[in-house]
Each structure stands twice: as C-alpha cells, then as structure tokens.
Amino acid sequence: MIAFWILAVIMLGSAIWCISASKPVYSVVALLLHFAALAAMYLTLNAEFLAVIQLIVYSGAILILFLFVIALLSSGVASFSVGPNRLPRIAIPAIVLIALALGFFTYAMGHAGAVVPAAQAGSPLGPVGTADVFGSVNDFGKALFTSYLLPFEITALLLMVAVIGVILLAGDHAPYVATRKHAAEVRREMREAILREGRQ
Amino acid sequence: MTHHVMGVDGSYPLLLVLWLLPLAGAILAWAFGPQLKTAAGWICSALVGISFICAVAMWGPGTQSVSGALGAHQALFSWLPGFDFGLLMDPLSLLWTLIITGVGFLIHLYSIGYMDGDRAFARFFAYMNFFVFAMLTLVLSDNFVGLLVGWGLVGLASYFLIGFWFFKPSAVAAARKAFVINVAGDVGIMFAIFMIVASVHSTAFGDAFAFAGSYNSGWLLAICVCLFIGAAAKSAQIPLHTWLPDAMEGPTPVSALIHAATMVTAGVYLVARCAPLWSQNHDAQMLVGTIGALTAIAGAILGCAQWDIKRILAYSTMSQIGYMIMGVGVGAYEGGVAHFFTHAFFKAQLFLGSGLIIHALNNEQDVRRMGGLMKKMPFAFIAMLTGVIAISGIPFLGAGFFSKDLVIQGALEHGHPYLYAVGIITAGITAYYMCRLLFVTFFGSYRGDVDPSELGIRHPELAGTPAHGADQAEAEHEGSGHGQAHHAPAWIMNVPVAILIVPTVLIGWLMFGGDNSPWAHFFAQQFPHPQLSPAPIGEGVTGLITFGAVLVGIAVAWWRYATASAQSRAVERLRGESIRMPGILTHAYYFDLALDLLFVRTSQLFGTIFGRFFDPQIIDGAVRESAFSAQWLGTLVRSFQTGLLRAYALLLVVGVAAFMIYYAVIAGGVHP
Amino acid sequence: MTINVTNADWNAVAPIIIVAITGLLVLLLDLLSPKNISRYAAILLGAAGMIVAGVVASLAYWSPAYVAFGGAFIQSGFGIVFQLIILIAGIGSLILVRPPVQNERIAGATALMLWGTCGAMLMAGAGNLMVVFLGLELLSLALYCLCGLADRPSSRESALKYLILSSTASGFMLYGMALLFGASGSVAFADLANPALASSALLWVGGGLFLVGIAFKLSLVPFHAWSPDVYEGAPLPVTAFMSVATKAGTLAVFARFMYAALPAGTADRLLLPIWIVAAISMIAGNVGMLAQHDLKRLIAYSGIAQVGYILTALAGGTHLGLRYAIYYLAAYTFMNLGAFAIATTMSGDREEGSHLANYRGYGRRNPVGAALMTFFLLAMAGLPPTAGFLGKILILSSSVGAGYAWLGVVLIIGTAISLYAYAKVVRAMYQRDEHVHAFEGHAPAPLAWASAAICFVVIIVMTFYPYTPSNVLPIVK
C-alpha cells in the first residue's frame, strides 16, 4: 500500500512536470520517470510481464526515439514558445466545475459496489481479471492468441497504418536525399542550423 | 390502426383526366411553344375547358354519400403505411375544382387576347396550365403531403407568373418576395404534418380527422397554428400579407386567376378542409377568426389609400379573403366558403374589367390619370359596375351580398360579436373604396393628358405605379407591332367578361333561404354543425344593418368623387388627397419595414455575432503562410499559440466534468 | 479460459479482411509499377475491393447472427447494415479523391482510406469494448494522417487539432472502458447487461466516461468544437469520409451499447445526458450553420445537428426507432456524399468547391450541378419529396411513440432554423449577380458526377421505396 502511494505521487508529479517543462528534453525525461514508475506499479500488481514490456518498449524504445527526433529537429534545446500564456475567461468557472466533478467522482468511486465476477455473467472470455492469469507470460501468450486474437490482429493493422501514415505525411517534406552531394549539403545545413540555435 | 378513407373508394377515370389535362397542356405549351405560337393559347384554354366539363360530370360522384363516406376517392399509390396517396372529390373540393377550371377557363380565354403579341405567349400559357394543375393537386389531394406538394407548386407557378415580365426589376423583386413568404408558409404546413404524423402515424386527411378528438389540446393548437401560418402566407393574412399588393406586377389575367380567384383562397380551403381539427379547439378558432377580421378591416382601410387600380383590387382581395378566413375561422364554414365562391366570380370580373381599361390605356394603372371612361368604354363600365355592386354587398343585386351576410351573421351565431361588428364596418369601408374606384375611373372627364404632378403623382415608383417598368413592358408587349389592336379589345377579351357578369349578379341566390338554400344542402354533410343558440340579431336585421353601412360608404364616396362640384374640381381634389394621404397608409402600416427590422436585420446581426464570438475560425491565413517553412513542429506550436486548441480542450473537459457530476451523483445514489 | 478460433470466425470478419488486403494491394501495386500508380487505378482498385467486401457482407445479412472470436466480433444484420453504410461512405468519398492529394500520395491515401473503413467496420461489428477501441483508433489514426495530406497549412493544422483533441477524448473513453471492465470483470458488451450491475457505481461512472467518448466522436455539443475546424482543414474527400464513416461507426457502437449492454432499468437515467446533448446539438448545430462561409464547416455544423436527429430516433430504445435511425443515417450518407461530389466537381487544386462564395450564380453556370446541389441541401433540410423529409417524419413518429416527444419538438425547432441556413446557399446559387467573376471550369470529374447522380437516384428511390432494415434486432445474441 505504501508502495502504491509513493508510486502514485511520483507518477502524478512526473506527469505534471512533463506538461509544464520549459524544454522538450525535460519533458522526455519526465515521461521516462513516469513510465518507470508505471512499470513499478505493474510489478506491485503481479503483472511482471507487463512491467518488463513497459520498460523495454516504452522507456527503452519509444522514448529514445522521441529523444532522437528532438535532437534531429534541433529544437529540443530551445524552449517551447508557449504563446500568450493567459487563461481564457471561462477558465475559472471551468476549473471550479472540474474540481467539483473530481470530488463527486472520488466520492462515487469510494462507494463503488462489489465487482461482479465475469464467470457469473457467462462470458466465453472468462475471468481475465484474475491476477495470476493476467501477468504470467505463458497465460498471457495463450490468451493473446486465442481469446484476444482479433484485437491482436487489429493492433497489427493499427501499427501498420501508423507507420504508413507517417511515411505518407513526412514523405514529401523530409529532405529527399537523391545524391551524395545533396546529402552532404543537407547535413551541412542541419549542422549550421543547430549551431545557430545554440548561439541564440 | 384502421385506415380511414374519406369518400367512396372507387375508380374515377374522369377525376384523373381532369387532374392531368392541365399538366399535359403545360408540357405541350412548354415543349412546342415556338411551333404552336398562338395555338398554344387555344389548346391550353381548351384543355382547362375540358377539365371543367369533367368536373361538372364528377358532380354526381363528388356529392354522393354512402354510409357516412362523402364524395369520391381514387387511390393512386401506396407508400409506407399511413402514406397513401389518392384523389378525393367531395363537395368542398368539387366547389374549388369547378372554380379553378371554370373561372380558369374564362381567364385563359381572356388571356389569349390580353397576352396577344407577347414574346413569350406560349410560355405564359404553359405556366397558367401548370398553375391550374398545381392548384387541382392542392384541392384534390386526400392527404397532407399531397396538399403540401400542391401548395408548394402553386407558389412556384405564382413566382413564375408574377415575375413573368422579368425585365422589370420590380416584378422580379415582387416575385421573390411572394416566394419567400410563401415558402415560410410551406414550412409551417410541413411542421404541422410532422406533428400530425407524430400523433396519428398517417398523413391522410381521414386518419388525421378521425382522431381529431383524441389530440392533446396544446398539441392540436400547435398543429392548427402551424397550418394557419401556411394558410396566412398563401391567403395574404396579416402579418404575412405584404407580398400580395406587390404581386400585381404580374400580367392582369394572372392577378385575376391566381391572386384573386383561386390560389390566394387556398388558405380558406385549408381551414375549411381541416374543419374537424379547428372545431376541436376554440383557441385556434378564435385566432383564425380574429386574424381574418383584422385583415378584412386593415385591407379595406388600405384600399382607400391606393391609386393604382390593381393595388386597390389587391387590397380588396386581401380584405375579402379576410372575410372568408373569418368565416371559416369562427366555424361558419358554409359562409366562408360561400364568400370564396362569389368572390371568385366578382373579383375575376373586376380584374378582367380593369384589365380591359389597362389594356386600352396602354398599361396605365393610376386611376388619377383615368376618369370619364364611362362613355369611351361602356362595356368595361358595366363590367366594373356589376363587380362593384357585388363586392359592396348591395342587397339582391349582386352575389357578394348573400355570402358576406352569411359570414357576418355566422360570426354572431358562433358567439363573436366583435368580429360581427368589424365585419359590418368593413362592409361600409368596402363600399366606399370600391365606389371611389368606380367614380374616379369612369365619372368626370378624362385626365390622362393632365400633367402627373398636377394630380399629385410625385414619385410614380413609390406610389406603386409601375410607370418606369410599364414602358418597357409595353415595348415588349408590342413586339409584333399591332398596337392598334390594344385600343379596341378583341371579342376574345369581352366574351369572358360578359359571361362572368351572369354569376356575378345572380349566383348569390344559391345561398338565399337559410337552412333550406341549395347551398346549405350542398354542404349539409361536409362540415360539423354544432348546436348553436339563436343569435340575438336575426339574419334579416343583420342584412339591414350591413346595408346601412354600405349606403353610408357609397354616400361618402359619392359626395367626395361623384357630385357635380367634386367632378368639376377633380384634378385639385385628387392632388390634395394625394398630398395629404397619411404616411401610415401609403406605407401600408410600415409592415415591410417592420418585417425587415424584425427578420432580415436581426438575422444578419445574429449571424455576425455568432460568427465573431461563438465560432472562431481556423487561424488566419496570413499568419499561417508567413511562417510556413517551419512546417510540422511550427504548425504544432502555432496551433497552441492561437489558444484555440486549449480553449477547445477546456470546453471538452468542462463537458466531461458536467457529465461526471451527473453520473457520480447517480452512482452515489445507486449504491445498495 | 481459451476459445477455439475456427474458419467461421474468420468468415465473419471476411469483409474487413478484404478491405484491409485491398489496401495492401494498392500499396504493392504502387511499389511494383514502374511509374507511380495512376489515380484511377488506385481508386478503382480500392473501390472494387470495397464493393467485393460489401457483397460478401451482404451475403450474410439474412443468416442468423454469429458470435465470432468468443464475443469479440458479432456478425449480425445490425452490424452488416452499418458496415454497408460505411462501405458506401468509403467508396463515395474515395472516388472523390482528386489532385489536392498529390499524385505520388494517391496510393497511400487510398490505402489509408481503406484501412480507416476497416476501423469503422470493426466498430460496427464490435462485440466487446476492446474491439470498439481498436476499431476507433484504427479509424482515427487513418483520419489524422488523411487530414494532413493536403498541401495546405490548414490541413496540417486540422490533423493536429484532431489528433490532440481526439486523443484526449479517447483517453476519457478508455478510462470509462476500464471502469466498465472493473464493474463487470469482462470487456464483452453482453456481460454489461447483467442486472446485478445496476447498483454498481463503476458502471455508472464508467458508462458516463464511455459516453463522453461517443459524444466526442459524434461531435455533439459541447464536444463538437473540433469538427468544424477539422472538417474545414481536411481535403474534401477526407471530410466526406469523416462526416459519414466516423458517425456511422460510432452510432453503431452507441446503439449496441444502448440496446444490448445496459442492465435493465438503467437506460433512462444512464442515457439522459446523451439525449440532452443531442437536443442542444440540434439547436446549436443548426444555429452554427447560419454564419458559415465554407461548405465543409457548414456540413460540420449540419452533421452536429443531423446526429442529434438520429439520436432522437434512438431515444426510447424501440425497435422501430433503431430502424428509422438506420434509414436516416443511410439517407444522410447519400445527401452528404452527393453534396461533396458536387463540391468536388467544382474544385481544382484550391478546393474552390468548398467556398460558399463560389456558389454565387452557380445556377447559371451549371444548372444541372446547381439543381443537384439544391436537391441535396433540401434533403438535408428535410423538405419533401426527399428521404430527409420522410426520415424526419419517421423519427418524429418514433420519438413521440417512445415517450421522447420533447426531443421531437426540439427537432422541429432545429429544422426550422436549419431551413434558413440551407436556403441561404440555395439562394446564392440562383442569385442573378453580374459581379461574379466567372469561375473557370476544372478538369472534368466524371467519377464525382457519377457519384452525385447515383446519390440523387438513391435518395429518390429511398424516398419512394423506404426500406428500413428489419433484421437488426437482437443486436447481441
């Protein structure tokens, strides 16, 4: 329980840091912290497999990619330009309303009724909520390729759409390097741009 | 749910023929106009004539009554349950059909002479026939959707015909105005249909009326009000009347057929058709009756202030339809319908008579520039005289007396003494302005050669004379160069007028005799007849009082325009009257201005406000283009910079918060 | 507990697989052909794939419902009708793709549109929350990319706005799904209908958050702010697709949730906020149309209101209501596609067809196009004799019958307001205006014209032979 609270505070804090950081790099670091805490949270819930995946995929791969992108675009070191930083006039009543909603929400959650076991409802998908089934690699794999085959396949398609969509969007605007000479030029321009940013 | 069909179901080929013939004529004249030339007019007239004969032949089936079912019903096709289409001819639609085709036929004949030489002669007849078809669709339909289709189509035909001389900007403007107001009315009917379908799951008259007693009274009032918005727009009732005077920009036969005899009375038809609905709701009756009476008197007063012969007639039409609406509104359906019937004759008569004058005077429409025409145009004088006698309601000499009396007495019998009084006063005013028209036009000496300014005609276009357009119209009209023909109206124009004189004088006797009159018999089964306590004033006495008011009106008109002294100083008198005419009357109570302020301006303002504050657009293009090179990340940042995205997200979260409060409160409550 | 996946399961999703593979084929063809694949080849291949998928789907329409993948996907009349509507939307907007999307990207754009269609079709047949979410994300992801495809800054901006706001809403929705899962211990819709759950706070709160996501995707007020901006920025065909497919897919999910996944006795209270926002949307959407100068924004606001009409049909949860809602949705699909087709025929590189100013005097330059456009707009307004009119009448009768007459009244008021907005466009088309700069023709767009003509004919046929699918209930076996 203590672990939960500590992790919860870390997660919330890092999330807030992520969106309020002044430079993109800091945001990424905050996100890293957040993901790490999340992985720890999975561990406390006996979901070891998820925890590992979380660390490898999110912290390991995706965030590094983020960093690469930020470094390449050379704006990671520059501050976000946040624009006119004033709240719209409706913000104050809105915040009051949101706070109120959160209060009610917490209250309702605090009085949440007992969970109805799915076995009772007769679902063919079974009691997926049980902890030891949920986390272990063996059962996870089995469930993934039988009960959750369709979602799994859709996810594959989803990822492909994401990849192709990005290629399509970036395609024309990425520096299209046709020759070596041209490539060198592009590199030089980028280097100069980075230097220019650094001087400012 | 059982389906209620009105009328005796059967096969009535004649009904189909009389309905479709005018459509065939319209298509013929439209497609082969250039080849047919003047033959188009004859063909179209003949088709309407045959339609009329068929309608007469349908008299038997149309008035038959078999075990409670009245009239003839011809099924056409079925759609969804509750959406069956068919034709219904019962006494009410038979009456309208007879007028549409009968008077329509005469006006078609007249138009052959009136439109002679017009460049678009065949097109004119195509439109006229199309109008007859649309109007027949309206009155013969056995359901609300068919009625609405006819309703829309007559509006379209009216739009085409008002704007027929489209080279006149005023005509185009008038046509557009008429169309817009009429579409507003169509929408009213559409909503009424929505509500009726929602209540009885059917659009058939039979179903809608069979359950008339089971409607929620507020809902029924809403249905009646929506229907009446349609009726008021089509029948030029206050405050939707402003299009009718302007509609006089169309050729005179159009004014006679559409804007006097038939189309504008569609509102009367609608209310009479929906009598079972109105009879269930006293508030709706009160509303319709009051609006009718208001329109009657307001139109009559405006009629006193006009100088354009067609506008005088237009306001008188508005006023007379006010009578009809008042009649059907208070529940005196026979009276209202009777006034439609007689009005169709005498108003067509008046319009065609005025057409003779306008035609002979080279499209002069200002009565101040007429005068002394009695000797020059005796036939037109007789035509107008009989018409004026009829509309003024001089006892026994004209048709209008009988029907107007039915309406006025009906108002009293159904417990509306104020409307009764308004009816009588209006009768007096009507007599005044119609006699004024007659005296100024035909008595005294001809003033066409007097300088317009001496007659007080300051702004021809403001006064309503289409002077600037008229020349052009004339030029167009004279296209084939037989100008002489205009000054001696061909027999083809006189014959219809002569034929119309007969019913104008005599037809009212059908309504003579109270409950034993042929009229009462004809409609005995058509309308609900509630038990009424006898009116405090008898029918004969009412006739006398009305006649008294009429005599006063005629006397005032005589004193002002027809005495020897008045005639000798006619020019000065007319000038004085023109100049002293109160602004409120010359501007028709400023209704146009009010409508403009109320709807046009406010909606513009509304649009502006909405556009500026509630609907922030995508970022300004200029800003976007200048910093475009930074591309993706740049766009990202800039869309934050606008603040819009944050505002949108905030709105989203506020919505979520509102949802959450609701659900959390319920969730807190359901806990066992 | 595991399930056996059999051939029948794959058959149930066969239409979706066909569409997905067609997308791959288009890309492969582009890769293998020496030059870039031509516009027509890509479009026709994509359309052919969707037509085949449609035929395959409709073959199963009358057969009994089949629960595939252990409840993850349900092949039934209900889902198939929605899938067909989505496929029609896909075909109808795919054939509108024109130069604004550059030729080199045509294959990618076609593939993305096909995959987006897959996502929406998955939503239509989804039997559990997981498939709903994945389908939704598949559709949304494809749309984010499609929105940004035009070479205009506004296009990118629209993609970004859509991405950010939609992800926010998806976050709420996902949280709601998690809570629903927490309530029932199952992701299946069928398990939510357990009467024991009626007293579970998790169901109410989770359901509420789930409905927030639905309301966002349907762009109901106050979750609507994204749609005018996104529609405006996106390329015309994408807007056409988005305006129908997203709504059809989401409505299918909503209807399934409402008809099949609610414990008895909870529907009235649980769905009340949706009816309220539907009512607000009918008014606000139509009012919003008044100030618009851009066809796509106009359609966005119109769509906000039209969804309100469809929800009015669903209110009360009657069988007839569902059938009428589907009828109206189909009619709406054709009206929208028709209007976009006409806009496409007017458009060149700069999408002139989306600026309402360019419609001034259109009635003279192209009477046929103007007449068709008028027809589509009047159908949206619901004037007779169009399917829009009939649809509204049906909706009204069902809403009154189901005890939601107040929504019917709002519908009537909204319709009254909307008439004014549509009439403004129609009037502009027929204005006799001398000052209109003659608007030069563009490359002929035979496909768009064909699409407009087909939409016209279909609406007429729908009006006179109104078929409301009778085989849609029960939604979940």
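In what order do the 3 strands of the open sheet in chain B run? The order is E1-E4-E5, and the pairing is mixed. Strands here are DSSP runs of E with at least two residues, helices are runs of H or I with at least four, and both are numbered from the N terminus. Two strands pair if DSSP finds at least two bridges between them.

Before I go on, the ground rules. This is a predicted model: local features need pLDDT of at least 70, side-chain atom pairs count only at pLDDT 80 or more, and totals for chains, interfaces and linings use all residues. Residues are numbered from 1 along each chain as its sequence is written, while chains are lettered from A and ligands numbered from 1 in the order in which they are written.

Strand E1 (8–9) and strand E5 (84–89) of chain B stand at the edges. Each has a single partner strand, so one side of each has no neighbour in the sheet. Strand E4 (residues 72–78) of chain B pairs with E5(B) in the antiparallel sense, over 6 bridges. Within that pairing, B:Gln74 stands opposite B:Leu87 in E5(B). As a reminder, strands of a sheet pair through backbone hydrogen bonds, either parallel or antiparallel.

Next, confidence. The complex has an ipTM of 0.87 and a pTM of 0.72 from the predictor. pLDDT is the predictor's confidence in each residue, from 0 to 100. Chain C averages 86, and 94% of its residues score at least 70. In chain C, confidence is highest in helix H6 (residues 129–147), at a mean of 93. Confidence there is lowest in helix H15 (residues 362–365), at 80.

Chain A has a mean pLDDT of 74, with 68% of its residues at 70 or more. Over residues 118–132 of chain A the pLDDT is below 50, yet this stretch has 36 contacts in the model beyond near neighbours in sequence. A contact means that the C-beta atoms of two residues, placed from the backbone, lie within 7 Å. Residues 173–177 of chain A also stay under 50, with 5 contacts beyond four places in sequence. Where pLDDT is low, the predicted coordinates should not be read in detail.

What does chain A consist of? Chain A has 9 helices and 0 strands. Buried residues make up 16% of its 200 residues. Buried means 20 or more other C-beta atoms within 10 Å of a residue's own, exposed means 12 or fewer, and partly exposed lies in between, with C-beta atoms placed from the backbone. Among contacts in chain A between residues at least 6 apart in sequence, 54% join residues at least 24 apart.

Now the contact of chain B with chain C. Chain B brings 44 residues and chain C brings 48. On the chain B side, the helices that each supply at least two residues include H7 (144–162), H8 (169–200) and H31 (591–614). H34(B) gives the most to that side, with 17 residues. The side divides into 33 nonpolar, 8 polar and 3 charged residues. For those classes, Ala, Val, Leu, Ile, Met, Phe, Trp, Tyr, Cys and Pro count as nonpolar, Asp, Glu, Lys and Arg as charged, and the others, Gly among them, as polar.

One helix pair in chain B. Helix H20 (residues 399–413) and helix H21 (residues 417–442) pack at an angle of about 155 degrees, with their axes 7 Å apart. That makes H20(B) roughly antiparallel to H21(B). Axes are lines fitted to C-alpha atoms, for helices over the stretch in contact, and angles run from 0 to 180 degrees between N-to-C directions. Under 35 degrees counts as roughly parallel, over 145 as roughly antiparallel, 65 to 115 as roughly perpendicular, and the rest as oblique. The contact residues divide into 9 nonpolar, 1 polar and 1 charged.

One residue from chain B. B:Leu313 sits in helix H16 (residues 309–330). B:Leu313 is buried, with 28 other C-beta atoms within 10 Å. Leaving aside neighbours within four places in sequence, B:Leu313 contacts B:Leu350, B:Phe351 and B:Ser354.

Last, backbone geometry. Most residues other than glycine have a negative phi, and most peptide bonds are trans. The bond from B:Ile238 to B:Pro239 is cis, with omega near 0 degrees. The bond from C:Val221 to C:Pro222 is cis too, with omega near 5 degrees. C:Phe69 is not a glycine but has a positive phi of about 55 degrees. C:Phe69 is buried, with 26 other C-beta atoms within 10 Å.
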